[in-house]
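Please have the sequence and the 3D view open as you read.

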Amino acid sequence: MRTAYRVETVRAAEAELMARLPEGALMQRAAAGLAAACAGLLRRVYGARVVLLVGSGDNGGDALYAGARLARRGAGVTAVLLGSRAHEGGLAALRGAGGRVAHDPYAALERADLVMDGITGIGGRGGLRPDAVPVARAARDCGAVVVAVDLPSGVDADTGEVAGEAVRADATVTFGAYKPGLLIDPARAYAGAVRLVDIGLSLPGAPELEALQHADVARLLPVPAGESDKYRRGVVGVVAGSARYPGAAVLAVSGALRGGAGAVRYVGPAGDAVLARYPETLVHTGPPAKAGRVQAWVIGPGLGDTPGVEDVLASDVPVLVDADGLRHLEPGAVRSRPAPTVLTPHAGEAAALLGVAREQVEAGRLEAVRELAARYGATVLLKGSTTLIAPADAARPVRVNPTGTAWLATAGSGDVLSGLAGSLLAAGLAPGDAASVAAYLHGLAARRAARSAPIAAHDVADALPGAWRDVVG
């Protein structure tokens, strides 16, 4: 499991460790890891030209000490001082190792092979200061590899928001723990490849954010045993599709079947289309309450104005609500349910549920998903450039899916995801686990399908068994 912690938690852990270490030892640990990572990004260290963008705080000190280490290995290191002051010890170390301070930052950047961004780091808020903006732009445009120190300057470490201009890095070397902004868009797009340097922090309590890895997903995946039958494996009901959108029903059913459901009961007007593609589906014209036994419901993809949401919400099994099912959804109707509910909006649907502009959701994804989960008392999977899963319990971490890909920006892919997550709910996974595992497999499947060509939603569904094998081996 990859975990990310808020700045205040990291700061407290750093203070606790620094109290037990010799003065400056923690910064030296960070600088050593930073210098090693930068050396690995250079074709050779000896003779390389390295420019440090140095702010006033400890972030600038990390860059200066790392620059001194590279200078001692033969790199030509130049510091561009952008703050009101520079870390005295770090600056002395750089000069002692043969580094220098630039009088013309733009001339130095024109010749750079690697640029370290040590302007603000995790304490920064509200974008870069105006005087740093032209230097940051020049660094981006000079053709050098840009490495952010702990966090790209100008992005919000805790939320992933980018309120103004920020450094766009090719790589970020972060210390002690991942910060939420490194894993959530829009800030994630500024971070590049992220490398974590262990500096010995002991981080208490629950993280703010966590991301499943292969081993976590493999542990959660339901695998049938010898005594399994279709009911023990889970029967998922799918209420989806309409005369206008019969394909949504087919795609949702495909996700449910590829997700390992023991059986899928389809309810709706697209039964002929579903049976033509998946003859094993149990089809019923409705209403959902009369369709037969299920362990979970999925409702919403392509539903249009077809009724059924209230009927499904009145059931005593887990329910996943997506797409058209989210329209006019009342928080009280969800909060009063005796069984768990999962909501899977994209940014536009989330904005409608919250009564805000879509741009506000996209700029502050973590806040939006937390607010939705609290308002509806539900697990919320917010789809988008980074998919976030917030639990109904605000004390628990939000999960971020690490396997997403832009190839999933295709019509119907969300329908496949809904069916997949519904099948995992029917198999008995907890709501947060079902949503997280579904998002993980969905992303892997899209990456598999898109290896050699553009993809459609049905390609993602067809690739799900391969994604499953990738995880379990």
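A nonpolar core, as the term is used here, is a set of buried Ala, Val, Leu, Ile, Met, Phe, Trp, Tyr and Cys residues joined through side-chain atoms within 4.5 Å. Buried means under 20% relative accessible area, exposed means over 50%, and partly exposed lies in between, with a 1.4 Å probe and protein chains only. The model is predicted, so local features need pLDDT of at least 70 and side-chain atom pairs count only at pLDDT 80 or more, while totals for chains, interfaces and linings use all residues. Residues are numbered from 1 along each chain as its sequence is written, and side-chain values use heavy atoms, with hydrogens and water left out.

With that in hand, look for the largest nonpolar core, which has 55 residues. Those with the most contacts inside this core are V217, V238, V253, V264, V437 and L441. Two or more residues each come from α8 (214–220), β10 (235–239), α10 (246–258), β11 (263–267), β13 (296–299), α17 (413–426), α18 (431–449) and α19 (457–472). Helices (H or I, at least four residues) and strands (E, at least two) are DSSP runs, numbered from the N terminus. The largest share of the core, 10 residues, is supplied by α18.

Contact here means heavy atoms within 4.5 Å. Setting aside neighbours within four places in sequence, V238 is in contact with A252, V253, A256, V264, R265, Y266, V267, W297 and V298. One of these partners, V267, sits in strand β11. At 3% relative accessibility, V267 counts as buried. Again leaving aside neighbours within four places, V267 is in contact with V238, V239, A240, H284, T285, G286, P287, P288, A291 and W297. V267 and A296 are 29 residues apart in sequence, and their C-alpha atoms are 13 Å apart in space.

From there, turn to S418 in helix α17. S418 counts as buried because its relative accessibility is 1%. Not counting residues up to four places away in sequence, S418 touches V298, P301, L320, D322 and T344.

Now for the helix pairs. Two packed helices are described by the angle between their axes and the distance between the axes. Axes are lines fitted to C-alpha atoms, for helices over the stretch in contact, and angles run from 0 to 180 degrees between N-to-C directions. Angles under 35 degrees count as roughly parallel, over 145 as roughly antiparallel, 65 to 115 as roughly perpendicular and the rest as oblique.

How do α18 and α19 pack? Their angle is about 110°, and their axes are 7 Å apart, which means that α18 is roughly perpendicular to α19. On the α18 side, the contact is made by Y440, L441, H442, L444, A445, A446, R448 and A449. On the α19 side, D459, V460, A463, L464, G466, A467, W468, D470 and V471 take part. These residues divide into 12 nonpolar, 2 polar and 3 charged. For this division, Ala, Val, Leu, Ile, Met, Phe, Trp, Tyr, Cys and Pro count as nonpolar, Asp, Glu, Lys and Arg as charged, and the others, Gly among them, as polar.

Helix α14 (residues 347–354) and helix α16 (residues 365–376) pack at an angle of about 50°, with axes 11 Å apart, so α14 is oblique to α16. The contact joins A350, L353 and L354 of α14 to A368, E371, L372, R375 and Y376 of α16. Of its residues, 6 are nonpolar, none polar and 2 charged.

Finally, visit the loops. Most residues other than glycine have a negative phi, and most peptide bonds are trans. D150, in the loop between β6 (145–149) and β7, has a positive phi near 75°, and this residue is buried at 6% relative accessible area. A323 lies in the loop between β14 (319–322) and α13 (331–335); its phi is also positive, near 50°, and A323 is buried at 16%. The peptide bond from D185 to P186 is cis, with omega near 10°, and P186 is in the loop between β7 (171–175) and α7 (188–191).
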